[in-house]
Structures are given as structure tokens and as C-alpha cells.
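Dear colleague,

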Amino acid sequence: MTKLADRTKLIKPSVTLAIAAKAGKLRAEGVDVVNFSAGEPDFDTPERIKDAAREALRTGMTKYTDVKGIEPLREAIAEKYRHEHDLVYRKEDVIVSCGAKHSLYNVLQAVVNPGDEVLIPAPYWVSYSDMALLAGGVPKLISSSEASGFRITPEQLRAALTPLTRVFLLNSPCNPTGATYNREELLAIAAILEKHDCLVLADDIYEKIIYDGFQVHNIVTLCPALRDRTIIVNGVSKTYAMTGWRIGYALGPGDVIVDKLNAVDGICCRKPEGAFYVFPNISKLFGRSSNGKKLNSPCDVADYFLEEAKVAGVPGEDFGSKEHIRFSYATSLEDIEKGCARIRQAVAKLC
């Protein structure tokens, strides 16, 4: 019998899907069941969307696409956020995935290290804590109550933040409570987050489903200082009744480390299409010297960066390259900027 990985033992079956399946089975048996379980719009996908899909199939759009999503879609998503939230993102800042849930999972896998805390206001969507656990993180719940409208207070957030906090997960409007933060409440939350070096993961999947004239605000629009460490996740499933189409997306700051490294004389870095590593070519540094010691290999360069710049990278030899060094950028923007500045200063000292 195949033995499953230990991490699978951390995951609980989805109660929502289990109950929905049971309700479906009863219906199939002729039982009159009123199904309030699954979060799925009961109206059909609009005809113009289905017509566009049929036309795409007719014209042969059935091949592999860019792993980030087709360019017109990423451009449209960027335009949506410019038009609706006054936020300027490039198509390069957008990545499309198999639903918003997949986007959330990918983000947590990319940024959470073992032991990192993921702050989750509670009540919360059932999958958040499991996704944090799968990434090796520690889900840390911030409880709210009916008395507070199921919204956490700035004081609660301040008390929950620790040096181990890696991600604060914001879901407004919220599943399951429907609670939504107004402008003043969101500004107060943002003011706390601005003082703490953690990432903000904003799950905005319900942004269009609001009542009584309530206005939904985007945390990045209200607090531009958080832009470089906020990732916005959204999708088409709820707004356009496209749950089965599995289209979600994430928007966030571009690969700052690539531009910073390419600005260093002697370093050439291509932009990665995935993961959270860059693999810059540092061969033009070979032959240069520091205190009479020549750099002749990636190992020499990695040692020099660690000793002179106090920046750790992994030499390319172990990856099968004699011209490159690997840097992981699964860290804060502040550390990226600090590390690249140190590398630039260290390279300038070479002769």
C-alpha cells in the first residue's frame, strides 16, 4: 500500500463539499432537499461569456498557454484594477491560476517557511488554515464576535502580530460571515500593518457581492505604502457564476530583485517564469580581484558576497552551472533592496 506524505495527515476533508455531496445524493434519490451548503451562484454563466468560450474553441484555442495566463486576460485584469480601484499593475504583475483557491495556495507555498505564522481573522473560510499548514506555516486565529460584526479590531491585530508573523490574511467581504470592513476600519487595520514587516494576502473574491449601497474598499488603494507587500487574489467564480470554469488570479509587485541585480556592473539576470529564485550570470566577475584574491568561479563569488557583503547565495556548481549563482527572493522587499545594495557595493570594490 502506498504510504502518503505526513503533511497529508494535517488536512481535514472539506465539510462544505461533503455536505453538498450528501445533499446531491439525496436529491438524486428524489428527496426534496433545500441546499444551503455550497457557495455557488444558482444563476447560469451569462450567455455572452459562453459564446466567447464557444468561439475560442471553434478557432482552435485549445493548446498550451503561457503559464502565467494568456496576455489579453492578464491585460484585462490589470485594466480592471486600474479602472475600479485606481491601482496601476502591469500584465507582468498578474498571474492566472485554476481558481482563487489555487492562487491562495500558490502564494502561501511561495512565501511561507516552516514555523511562519499566518494570521487569520475568525470565523474564516475552511481552507485557509489547511493551506497554511501545507506550506509548513502555523495558522494563528484572531477571534471576532457578533458584537463586533465579526470584524477584528486594530488592537486585536496589534496584539497578534509577532516577529514570526509572515502573512496576514484579509477576506472582506468574508466567507462565512459576510462581514465587510468599511473605509475607516480598513484604514485602521492598514495603519497597524504598515508598522509590521509582514505580507498582506487580500482575498477579494466577494468584492462585487455587496448590499444596501455598501462600498468595498481595496487596502492597497487606501494605503499605498502596503502595495509592495500586498498580494491581491480574486477570480470570476462568484461574480460571473463561473465556479466550474476554474479561473482565478493574483496581482502583486513585480520581481524587484531582477532589476536591482541587472543594475550591478558584471551581473546579468533573466526574469524567472516561476518559483521564487533568480539565477544571475556572474561570469563577468571572474578575473576580478579583492585584496589580491581572484574570483574564478561561482563558489568564489558566493564566498566573496557572503564575506564582504554579508549576502548569502548558493553557487551554481551544485546546480550544474559554472557561470551562475542562485538567490531566493522568498523574503521581504526590504531585505531584497538591502541585499542588492550590499552586492552592488561589494562589486564596486573589485578591481
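The side chains of K208 and E84 form a salt bridge, with 3.1 Å from N to O; the term denotes a side-chain nitrogen of Lys or Arg within 4 Å of a carboxyl oxygen of Asp or Glu. This pair links distant parts of the chain, 124 residues apart: K208 lies in the loop between β5 (199-203) and α8 (219-222), and E84 lies in helix α3 (residues 71-85). Helices (H or I, at least four residues) and strands (E, at least two) are DSSP runs, numbered from the N terminus. K208 is partly exposed at 42% relative accessibility, and E84 is likewise partly exposed, at 35%. Here buried means under 20% relative accessible area, exposed over 50%, and partly exposed in between (1.4 Å probe, protein chains only).

Please note that this is a predicted model, in which local features need pLDDT of at least 70 and side-chain atom pairs count only at pLDDT 80 or more, while totals for chains, interfaces and linings use all residues. Residues are numbered from 1 along each chain as its sequence is written, and side-chain values use heavy atoms, with hydrogens and water left out.

Across the whole structure, 20 salt bridges were found. One of them joins E29 to K25, at 2.7 Å from N to O; K25 is exposed, with a relative accessible area of 52%. Another connects D335 with K338, whose closest N and O atoms are 3.8 Å apart. Both D335 and K338 belong to helix α11 (residues 333-348), where they are 3 residues apart, about one turn of the helix. D335 is partly exposed at 35% relative accessible area, and K338 is partly exposed at 41%.

I turn now to the strands. An open sheet is formed by 7 strands in the order β1-β7-β6-β5-β4-β2-β3, with mixed pairing; two strands pair if DSSP finds at least two bridges between them. Because β1 (94-97) and β3 (138-143) stand at the edges with a single partner strand each, one side of each is left without a neighbour in the sheet. Neighbouring strands of this sheet are turned by 20° against each other on average, direction ignored; axes are lines fitted to C-alpha atoms, for helices over the stretch in contact, and angles run from 0 to 180 degrees between N-to-C directions. Within the sheet, β6 (residues 230-235) and β7 (residues 248-251) run antiparallel and are joined by 4 bridges. N234 has Y249 in β7 as its bridge partner.

With kind regards
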